[in-house]
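This briefing concerns a single protein chain, shown below. Please keep the structure in view while reading the points that follow it.

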Amino acid sequence: MCPSARHPHRNPAAKSTQIRPAFDVLDADRDGRISGDDLRAFFSRVPAATDDVIADMISAADADCSGFVEFDEFERILPDAASDGEIMEEAFRLMDRDGDGRVGFDDLKAYLKWAGMPAGDEDVREMIRSGGCDESAGVGFDDLLRILAVDSDERT
């Protein structure tokens, strides 16, 4: 029996639209499921995220034992607080490489490259502008949520 099969649905009130951006940040290759490779890339700057830890993360959420975490499994394992943005805040902190509270041009460009979506300089500038920000200032957390919501809506 897959270990996660024992876990009940802990967040029945979660709204897919609230957590989709968090899922999309983790699904680096945009194949609709989170793999160990996706998590390894996401946690590449976290020394404690060993292959064993990542395998445990996948196993804990992988109810159908496919080796991947599909969106419905991701939604099911989120704690109630996650719907309030805690997962996105953590993702933002990881994207904010210099820790200044802003995801700047270089941060966003590096993330997009890491996520397998290399973008030209003008594309990155446009994303920052779509969050209502100036390129030199970068985007704050709320701005990034606006950018991701636009991207999420365009993909569905």
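Predicted model: local features only at pLDDT ≥ 70, side-chain atom pairs only at ≥ 80, totals over all residues.

Residues are numbered from 1 along each chain as its sequence is written, and side-chain values use heavy atoms, with hydrogens and water left out.

**Overall fold**

- The protein has eight helices and two strands, where helices (H or I, at least four residues) and strands (E, at least two) are DSSP runs numbered from the N terminus.
- Read from the N terminus, the order of elements is α-β-α-α-β-α-α-α-α-α.
- Of the 156 residues, 40% count as buried; buried means under 20% relative accessible area, exposed over 50%, and partly exposed in between, with a 1.4 Å probe and protein chains only.
- Among contacts with a separation of 6 or more, 55% are between residues 24 or more positions apart, a contact being heavy atoms within 4.5 Å.

**Helix 6 and helix 7**

- The axes of helix 6 (residues 105–114) and helix 7 (residues 121–130) come within 10 Å and cross at roughly 115°. That angle makes helix 6 roughly perpendicular to helix 7.
- Axes here are lines fitted to C-alpha atoms, for helices over the stretch in contact, and angles run from 0 to 180 degrees between N-to-C directions. Angles of 65 to 115 degrees count as roughly perpendicular, under 35 as roughly parallel, over 145 as roughly antiparallel and the rest as oblique.
- From helix 6, Phe105, Leu108, Lys109 and Leu112 meet Asp121, Val124, Arg125, Met127 and Ile128 of helix 7. By class, this contact has six nonpolar, no polar and three charged residues. Nonpolar covers Ala, Val, Leu, Ile, Met, Phe, Trp, Tyr, Cys and Pro; charged covers Asp, Glu, Lys and Arg; the others, Gly among them, are polar.

**Salt bridges**

- Side chains of opposite charge can pair when their charged atoms come close. A salt bridge is a side-chain nitrogen of Lys or Arg within 4 Å of a carboxyl oxygen of Asp or Glu, and the count comes to nine salt bridges.
- Asp51 pairs with Arg40, the closest N and O atoms being 2.8 Å apart. Asp51 lies in helix 3 (residues 51–61) and Arg40 in helix 2 (residues 36–42), so the pair ties together parts that are 11 residues apart in sequence. Asp51 is partly exposed at 47% relative accessibility, and Arg40 is partly exposed at 34%.
- Asp143 forms a salt bridge with Arg102, with the closest N and O atoms 3.9 Å apart. Asp143 belongs to helix 8 (residues 141–155) and Arg102 to the loop between helix 5 (86–95) and helix 6, so this pair ties together parts 41 residues apart in sequence. Asp143 is buried at 11% relative accessibility, whereas Arg102 is partly exposed at 27%.
- Glu122 forms a salt bridge with Arg125, the closest N and O atoms being 3.8 Å apart. Being three residues apart in helix 7, Glu122 and Arg125 are separated by about one helical turn. Glu122 is partly exposed at 46%, as is Arg125 at 23%.
- A network of salt bridges links Glu122, Arg125, Glu126 and Arg129.

**Asp96**

- Asp96 lies in the loop between helix 5 and helix 6, and counts as buried at 7% relative accessibility.
- Not counting residues up to four places away in sequence, Asp96 touches Gly101, Arg102, Val103 and Asp107.
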